[in-house]
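The sequence and the model come first.

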Amino acid sequence: QVQLVESGGGLLQAGGSLRLSCAASGRTFNDYAMGWFRQAPGKEREFVASISNTWSGGTTDYADSVKGRFTISRDNAKNTVYLQMNSLKPEDTADYYCTANQAVGGKEMHGSFWWAYWGRGTQVTVSS
């Protein structure tokens with residue numbers, strides 16, 4: 001069982017930067033793929049970014065809408081995954097959720113169904 005706790009959300013103006021953190025419980029963090037999803041008001045939850053487990057090389061993947069602006073990374077010593085968000089836009093406004101799965105995946109990681117564990121989310125609001 002893995003528990004995920006997000007932090008770092010907030011309110012900021014367009015063009016700004018924010019770093020989200022997700023602390024994971026457990027002793028086998030290295031074995032888990034980690035990801036971020038987001039859900040804007042009135043919209044479906046969507047994939048943002050993922051990073052594979054350590055043994056798969058920590059390969060990253062991004063949604064086209066955030067590619068070049070967001071960076072996912074992991075610190076295995078701290079059992080933490082980060083989402084660095086730069087050049088934020090009003091359309092990035094959403095609740096951001098951390099996810100985890102003790103598995104190796106490809107494009108199926110873009111689907112919420114693939115992920116086994118979810119945090120409760122942290123809110124990000126970007127004003128124009």
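The text below covers the setting of R38, its salt bridges and the network they belong to.

The model is predicted: local features need pLDDT of at least 70, side-chain atom pairs count only at pLDDT 80 or more, and totals for chains, interfaces and linings use all residues. Residues are numbered from 1 along each chain as its sequence is written, and side-chain values use heavy atoms, with hydrogens and water left out.

R38 sits in strand β4 (residues 33-39); strands are DSSP runs of E with at least two residues, numbered from the N terminus. Its relative accessibility is 6%, so R38 counts as buried (under 20% relative accessible area; exposed is over 50%, partly exposed in between; 1.4 Å probe, protein chains only). Leaving out residues up to four places away in sequence, R38 touches residues including V48, V66, F70 and Y96 (contact: heavy atoms within 4.5 Å).

Five salt bridges are found in the whole structure, each a side-chain nitrogen of Lys or Arg within 4 Å of a carboxyl oxygen of Asp or Glu. Among them are these:

| Pair | N to O distance |
|---|---|
| R38 and E46 | 2.6 Å |
| R38 and D92 | 2.9 Å |
| D64 and K67 | 3.2 Å |

R38 lies in strand β4 and D92 in the loop between β8 (80-85) and β9 (94-101), so this pair ties together parts 54 residues apart in sequence. D92 is buried, as is R38, whereas E46 is partly exposed at 34%. Both D64 and K67 are exposed. Through shared partners, salt bridges join R38, E46, R69 and D92 into one network.

Terms used
Helices (H or I, at least four residues) and strands (E, at least two) are DSSP runs, numbered from the N terminus.
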